[in-house]
Structure formats: structure tokens, C-alpha cells
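Here's a protein model to explore together. Keep the sequence and the 3D view open while you read.

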Amino acid sequence: MERTMRKAVFWAACWFALLQAGAVSAQQAGEEMGYGEAEYLNSCAACHGERGIGNGPLAPALTTRPADLTGLAQKNGGEFPYYRVFAVIDGRYVVPGHGDREMPVWGQQFIEEDVKTYGPNGGEMVTTERIHELAAYIATLQR
């Protein structure tokens, strides 16, 4: 029960932080920026920060500090670990070595929304593309 309450408070705080940060919908922002960047700002920046260094407005409230996404390639011998990033974002499948997960399972959240709009098959395809766009955008954040 306590864990459920913490999650509810966390998501309420996420929503509030996004509103305070002036986040816009991916559809609105997609006209001015790439879809991956817009999705990142809506789904990831509250924790990972606008530039991906792990300093988003919700970071101090988390038990585990959000990862600095800008050094993923450096930690992987100079090559961006695209499919590992994809798997972590998706989260519907166990990623060995990722440890306990405080990060939302975006694949599950996206699919619920996308299935309502595009049906089961279309929803899966749209969710997969959203995650590809996110992973591709995170690749651009590498230092």
C-alpha cells in the first residue's frame, strides 16, 4: 500500500513538474522540433533534465538519481548502446543488469494510449516507433 501511495504521489509530482516546466505536447512541439526531442521533453526531462544530465526537477525526489544520459556512448567504448537504451525505455522486458527500476515502464504506458487510438497492431507499431524516436534523440545528447 505504501509503495502504491508513493507511486501515486510520484506521478502527481511528475505531472505538476511538467506543467510548471511548460512542457508541450509532442504533437504541438513536433512542428518545431523532432518528434524524439518532443517526446523526450514530455516523458523524460522531468527526471533526466532538459539536456539529459540527470538533473530534472523531479531528480531530488527520487530514491535513485536519474542516469546521466550524455555519457552512455563513452561508457560503452565510444559507441552509443542504441538497443540497450531502447530496451530500458520500453521496460516491458527484463533488462539484465539494470537493477531495480524506479523509471517508468514507458512501453506499457505508451501502448495503453496508442492501442486506444490505433488498435492493437497499430498501437504496437506506434509505441515501437515512439521508443525508437526517443532512443535516436538520446543518441544526439552524447558528449
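**Ground rules**

This is a predicted model, so a few limits apply: local features need pLDDT of at least 70, side-chain atom pairs count only at pLDDT 80 or more, and totals for chains, interfaces and linings use all residues. Residues are numbered from 1 along each chain as its sequence is written, and side-chain values use heavy atoms, with hydrogens and water left out.

**The overall picture**

The protein chain has seven helices and zero strands. Here, helices (H or I, at least four residues) and strands (E, at least two) are DSSP runs, numbered from the N terminus. Of the 143 residues in the protein chain, 39% are buried; that word means under 20% relative accessible area, while exposed is over 50% and partly exposed is in between (1.4 Å probe, protein chains only). If you take contacts (heavy atoms within 4.5 Å) between residues at least 6 apart in sequence, 41% of them join residues at least 24 apart.

**How confident is the model?**

The predictor's confidence in each residue is called pLDDT and runs from 0 to 100. Its average over the protein chain is 81, and 73% of the residues score at least 70. Helix α1 (residues 2-20) has the lowest confidence, with a mean of 46, while α5 has the highest, at 97. Over residues 3-9 pLDDT stays under 50, and the model has zero contacts there beyond four places in sequence. Residues 11-24 also stay under 50, but for them the model has 15 such contacts.

**The nonpolar core**

A nonpolar core is a set of buried Ala, Val, Leu, Ile, Met, Phe, Trp, Tyr and Cys residues joined through side-chain atoms within 4.5 Å. The largest one here has 18 residues, and Tyr 40, Leu 72 and Phe 80 are among those with the most contacts inside it. At least two residues come from each of α5 (72-75), α6 (82-90) and α7 (106-140). Which helix gives the most to this core? That's α7, with seven residues. For a closer look, pick Val 85: setting aside neighbours within four places in sequence, Val 85 is in contact with Leu 72, Phe 80, Ala 135 and Ile 138.

**Two helices crossing**

Two packed helices are described by the angle between their axes and the distance between the axes. For helix α3 (residues 35-43) and α7, the axes come within 9 Å and cross at roughly 100 degrees. Axes are lines fitted to C-alpha atoms, for helices over the stretch in contact, and angles run from 0 to 180 degrees between N-to-C directions. The two helices are therefore roughly perpendicular to each other, a label for angles of 65 to 115 degrees (under 35 is roughly parallel, over 145 roughly antiparallel, the rest oblique).

**Two buried residues**

Arg 130 is found in helix α7 and is buried, with a relative accessible area of 8%. Thr 70 lies in the loop between α4 (45-48) and α5, and is buried with a relative accessible area of 8%. The C-alpha atoms of Thr 70 and Arg 143 are separated by 5.7 Å, although these residues are 73 residues apart along the chain.

Both make polar contacts, meaning a pair of N or O atoms within 3.5 Å; within protein, one must be able to donate a hydrogen and the other to accept it, and residues adjacent in sequence count only if both atoms are side-chain atoms.

| Side chain | Partner side chain | Polar contact |
|---|---|---|
| Thr 70 | Asp 68 | 2.5 Å |
| Thr 70 | Arg 143 | 3.0 Å |
| Arg 130 | Asp 114 | 2.9 Å |
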